[in-house]
Amino acid sequence: MDKTKLTQEADKFIVSLYKELGKTKAQTDARREKVKHDIEMHGYYEHTFEEISYGAKIAWRNSNHCIGRLFWDKLEVIDARHIETSDEVFKYLFQHIRIATNNGKIKPLITIFKPKIRGIRKIKIWNHQLLRYAGYETDHGVVGDPDSVNFTKFCMELGWKGEGTSFDILPLVVQIDDDTPEYREIPKNLIYEVRIQHDEYDIFGNKEVKWYAVPIISDMRLEIGGLDYIAAPFNGWYMGTEIGARNLADESRYNLLPTIAKQLDLNTSHNRSLWKDQALVALNQAVLDSYKKHGVTLVDHHTASQQFQLFETKETKAGREVTGKWSWLIPPVSPATTHMFFKPYDNTILTPNYFYQKEDYPLKDSSRK
Ligand code: ARG
């Protein structure tokens, strides 16, 4: 971003944030002058803690894909902008996992490392999420999570070796400047996982199925006032369907519906038996029930949609328009049981916000999925 654009973005952010925070005109003007001056002199500016902290929250509030936004102002923010070395980065990432997990009572949390400064990045986290399962290509198809195949190869090229199970937690991979990326195994005692079991039926047969407690997205760019925080892992808690209707169910992921149908003795010879639907319901019940039993925070999609409706009401009261992406807001099971199904959403992208960044693992072999 050039200086002129950065100045504009920074100014727009300060004006709107300081208004929302109820600051005086004098305070706002002083800050605007300082920011403008810093950009002029150094080519960048630094946020105060209040600015990054609110910026990160507002970025969540502006996340059109997210149904969980009622809790946007409960996000806890850890300022890690002073961190320089990979050892320290790993330490902060482990700490993030521990604090966010909170013995199962999941806390929405973001850890913010240095932004890009004059276009240069210092810290890069290569993981998509801090906790995720490896995926290994074998002669009999993928073992583990097919979504992780490329990243798993990348980890192995760096020297990591997995156990080869369906649920191997991947290491964290961090890069400083243009150094070789480094990997570090996550201490086992930090990793909470939930064994998925149905209360009434044995839905997986001899397969042991589990999922991790906290989804900590670590590859998105947080943009606040024209600054790019390219390393800023954040989490909320899971909605059941993310696991039960996608991660464990998608044909291109763990693809468990055929196993469940077999276990439940469903008629898979034709679509109209609705065996997939029945298997999906059983799987989603199992996810909800298992997280509950293990004392790990997780929300069902009906409750989440009611919470989202409350968010919409609150935003309207605050004089803000709610933006959203309909195809993401509706849950993947029983979408028409939620109010979102029946109304249009405006997918305008506001900033601050979280944006995708290109995944470009520097794999030696160029095979990509
Ligand atoms: N859908 C992703 C997954 O299943 C996680 C995305 C973030 N989800 C959340 N509840 N904060 O791993």
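Biologist: Which residue in S13 does Ile110 stand opposite?

Modeller: Phe234 stands opposite Ile110. Bear in mind that this is a predicted model.

Biologist: What makes S2 and S13 a pair, and which way do they run?

Modeller: Pairing takes at least two bridges between the strands. S2 (residues 109-113) and S13 (residues 234-235) are joined by two bridges, so they qualify, and they run antiparallel.

Biologist: What is the strand order in that open sheet?

Modeller: The order is S1-S2-S13-S10, with mixed pairing. Strand S1 (76-80) and strand S10 (216-217) each have a single partner strand, so they stand at the edges, and one side of each has no neighbour in the sheet.

Biologist: Which strands of the sheet does H3 touch?

Modeller: H3 packs on the sheet and touches S1 and S2, with its direction at about 130° to that of S1. Helix H4 (residues 86-101) lies across S1, S2, S10 and S13, running at about 170° to S2.

Biologist: Over to H1. How do you know that its length agrees with a helix of 18 residues?

Modeller: At 1.5 Å a residue, H1 (residues 3-20) should span 26 Å, and its end C-alpha atoms are 25 Å apart, which agrees.

Biologist: Which residues of H1 are buried?

Modeller: Leu6, Glu9, Ala10, Phe13, Ile14, Leu17 and Tyr18 are buried in H1. They cover an arc of only 145° around the axis, which puts them on the same side of H1. The face turned away from that buried side carries the exposed residues Thr4 and Lys19. Among the elements covering the buried residues of H1 are helix H2 (25-42) and strand S11 (221-224).

Biologist: What makes Asp2 a cap for H1?

Modeller: A side-chain oxygen of Asp2 lies 3.2 Å from the backbone nitrogen of Thr4, at the N-terminal end of H1. The cut-off for a polar contact is 3.5 Å, so 3.2 Å from Asp2 to Thr4 counts. Just after H1, Gly22 takes a positive phi of about 70°.

Biologist: And H9? How do you know that its buried residues line one face?

Modeller: His301, Ala304, Ser305, Phe308, Phe311, Glu312 and Glu315 are buried in H9. Seen down the axis of H9, they fall within an arc of 105°, so they line one face of the helix. Exposed Gln306, Lys314 and Lys317 are on the face turned away from the buried side. What covers the buried residues of H9 includes H3, H6 and H10.

Biologist: Which residue caps the N-terminal end of H9?

Modeller: Asp300 does, with a side-chain oxygen 2.9 Å from the backbone nitrogen of His302. Just after H9 comes Gly319, with a positive phi of about 80°.

Biologist: Why is Asn255 called partly exposed?

Modeller: Buried means under 20% and exposed means over 50%. The relative accessible area of Asn255 is 31%, so Asn255 falls in between. Asn255 is in the loop between helix H6 (240-247) and helix H7 (257-263). Its phi is near 50°, positive in a residue other than glycine.

Biologist: What about Leu274: what is its relative accessible area?

Modeller: Leu274 has 48%, so by those cut-offs Leu274 is partly exposed too. Leu274 has a positive phi near 55°, in the loop between H7 and helix H8 (275-293).

Biologist: What makes the Thr351 to Pro352 peptide bond stand out?

Modeller: That bond is cis, with omega near -5°. Pro352 is in the loop between helix H10 (326-329) and strand S16 (353-355).

Notes. Residues are numbered from 1 along each chain as its sequence is written. Side-chain values use heavy atoms; hydrogens and water are left out. Helices (H or I, at least four residues) and strands (E, at least two) are DSSP runs, numbered from the N terminus. The expected span of a helix is 1.5 Å times one less than its number of residues. Buried means under 20% relative accessible area, exposed over 50%, partly exposed in between (1.4 Å probe, protein chains only). The arc is that of the directions from the helix axis to the C-beta atoms. Contact means heavy atoms within 4.5 Å. A polar contact is a pair of N or O atoms within 3.5 Å; within protein, one must be able to donate a hydrogen and the other to accept it, and residues adjacent in sequence count only if both atoms are side-chain atoms. Axes are lines fitted to C-alpha atoms, for helices over the stretch in contact, and angles run from 0 to 180 degrees between N-to-C directions.
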